[in-house]
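I opened the file and kept notes as I went. The entries follow the order in which I looked things up.

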Amino acid sequence: MPFPCNKKHFLLSILLLITFSTQGANLLIEETFDELPDWHSGLPENGLNLYGIHDGRTFGDDNKADFTQRRTAGHILPGKFLSARQQGQHYSPRNAHENHHEIIEILASNSDKSLGKKGKSAVFWREPTQDNSHAWMTDGILSLYLPDLVAGKPVFDSNIHQGIDEVYFEFWITFSDNTTVYPPWQDIGRRADMSKIARVSSFDERGSEYQGFPGGDKGPIVIWNWMTDYYGVRNVITVRGGPHGHSYTFNHGELTIPQGSLNYVDMIEGMGPNGTTERPLNLRDGGVIDAAPVHHDQVHGSEQDWIKMGFYVKMNSAMNVRDGILIQWMNGRRLLTITDIPYLRSGRNDGEDVIVADGMVKWNIVAIGGNDFFHSWPKESMREEWYAIDNLRVYDGLPSFAETDINGFTMPPKPPLQFTVETK
């Protein structure tokens, strides 16, 4: 049969050679971005001036866009995404820098940054700064509200908490070839560069899905971050607990799990299925990664290479019970298995008003993108770097294919040996 190269999801099914049986996990969304209208986070139509929080100081009143954009507030969002956050940008076509980009772009003109180099993807751009050593500057996030996906229609209600107890989500990601990485074990005084890539969280619908500090509106959250520092490229996992707005982070020693900046070698020992260790693939040298230091291109390859990330979380069964789950996969290889997380705890501040009386909140947000700690270049360098996310899938449980090992994933894929491709 002919090879239908215009279908990215078919390319993936050919590539993976698996049947997507889900054993009770329902697919809530598969977003390939291909069918979405062109959209970016700097649309002047989204400069609604809500609360006066926008980027007009940089781009002028005629070209401003609100920092937080939500469909329920009248903003234009792509597909089924509830909201977006964008800020921290200095250079854009909006202020006559035509060769620069908006922080988030879903554009046909970026087809070279999509899976299979056809269609569209979500491209996130970051700019550096050295003006403030503590600043997380560029910030681009797209958020899905899980109850909308479960219901198959918009059901967001700021007076009601909704969500689900367990979530699996996956996506494919590639990084630009100009991504700033320094040779490991050199430049010991240099601060790390870091970008928050994806997250699953619970938030209080009366507030903001982007207010996560103590006193804010978020509770349990898991974030996957990309980071490069003196020790090489890192697998950074951030786990924060609830209830909403109170226990923003766990105290040192409160968790019996590895979190924070992990390496891809000894820190994943015994974290695979049944206490095994599943080594990530080495995209630069072949084989697997089994020795430090680990370089960025060993894990992520070039911008021609895509890796598939998967995450599964399950809320703990009761307040303070240590049975919450977090599992992480890279190309179908399980890197982390954590089964004793007390995501929900009974601690309260005096007078704290919780949206659910018993505090048993649920997961309700899956988001891609995040803010960037990028200090390797001055702002005046006008440097831009990007990563792209494609084929985002979200399930309300753990699908069986999550454990499927993927040994080939450069896009576009070569036809597998098990298939005959007719050329006529």
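**Entry: model type**

I am working with a predicted model. I read every value below with that in mind.

The open sheet has eight strands, ordered 3-4-7-16-9-10-11-12, and the pairing is antiparallel. Which strands stand at the edges? Strand 3 and strand 12 do, each with a single partner strand, so one side of each lacks a neighbour in the sheet. From one strand to the next, the twist averages 15°.

I then picked one pair inside this order. Strand 4 pairs with strand 7 (residues 139–145) over five bridges, in the antiparallel sense. Ala-84 has Leu-142 in strand 7 as its bridge partner.

**Entry: the hairpin of strands 14 and 15**

Next I checked another antiparallel pair. Strand 14 and strand 15 are joined over six bridges. Met-330 faces Arg-333 of strand 15. The two strands make a hairpin, with two residues between them.

Asn-331 sits in that turn. I looked up its backbone. Phi of Asn-331 is near 55°, a positive value, and the residue is not a glycine. Most residues other than glycine have a negative phi, and most peptide bonds are trans. Is Asn-331 buried or exposed? Asn-331 has 2% relative accessibility, so it counts as buried.

Met-382 is in the loop between strand 16 (365–373) and strand 17 (385–395). Its relative accessible area is 31%, so Met-382 is partly exposed.

The other case is a peptide bond. Ala-292 and Pro-293 are joined in cis, with omega about 0°. Pro-293 belongs to the loop between strand 12 (260–262) and helix 4 (296–300).

**Entry: nonpolar cores**

How many residues does the largest nonpolar core have? It has 67. Val-167, Phe-171, Ile-173, Ile-197 and Val-394 have the most contacts inside it. Strand 8 gives the most to this core, with five residues.

Another core lies apart from the largest one. That core has nine residues, among them Ala-25, Tyr-312, Ile-327 and Ala-402.

**Entry: salt bridges**

I ran the search over the whole structure and got 18 salt bridges. Side chains of opposite charge can pair when their charged atoms come close.

Glu-209 and Arg-70 came up with an N to O distance of 2.4 Å. The pair links distant parts of the chain, 139 residues apart. Glu-209 lies in the loop between strand 9 (193–203) and strand 10 (218–229), while Arg-70 belongs to strand 3 (residues 68–70). Glu-209 is buried, at 3% relative accessibility. Arg-70 has a relative accessible area of 15%. Why does Arg-70 still count as buried? The cut-off is under 20%, so 15% qualifies.

Lys-308 and Glu-170 form another bridge, and their closest N and O atoms are 3.2 Å apart. Lys-308 is in strand 13 (residues 307–314) and Glu-170 in strand 8 (residues 166–175), so the bridge ties together parts 138 residues apart in sequence. Both residues are buried. Shared partners join Glu-30, Glu-170, Lys-308 and Arg-393 into one network of salt bridges.

**Entry: Glu-102**

Glu-102 is in the loop between strand 4 (83–87) and strand 5 (104–106). Glu-102 is buried, at 3% relative accessibility. Arg-94 is buried as well, at 11%.

What else does Glu-102 touch, not counting residues up to four places away in sequence? Beside Arg-94, I noted His-40, Ser-41, Gly-42, Gln-89, Ser-92, Pro-93 and Trp-125.

Technical notes:
Residues numbered from 1 in each chain as written. Predicted model: local features only at pLDDT ≥ 70, side-chain atom pairs only at ≥ 80, totals over all residues. Heavy atoms only, no water. Helix = DSSP H or I, 4+ residues; strand = E, 2+ residues; numbered from the N terminus. Buried < 20%, exposed > 50% of the residue type's maximum accessible area, 1.4 Å probe, protein only. Contact = heavy atoms within 4.5 Å. Salt bridge = Lys/Arg side-chain N within 4 Å of Asp/Glu carboxyl O. Core = buried A, V, L, I, M, F, W, Y, C linked by side-chain atoms within 4.5 Å. Pairing = 2+ DSSP bridges. Axes fitted to C-alpha atoms, helices over the stretch in contact; angles between N-to-C directions.
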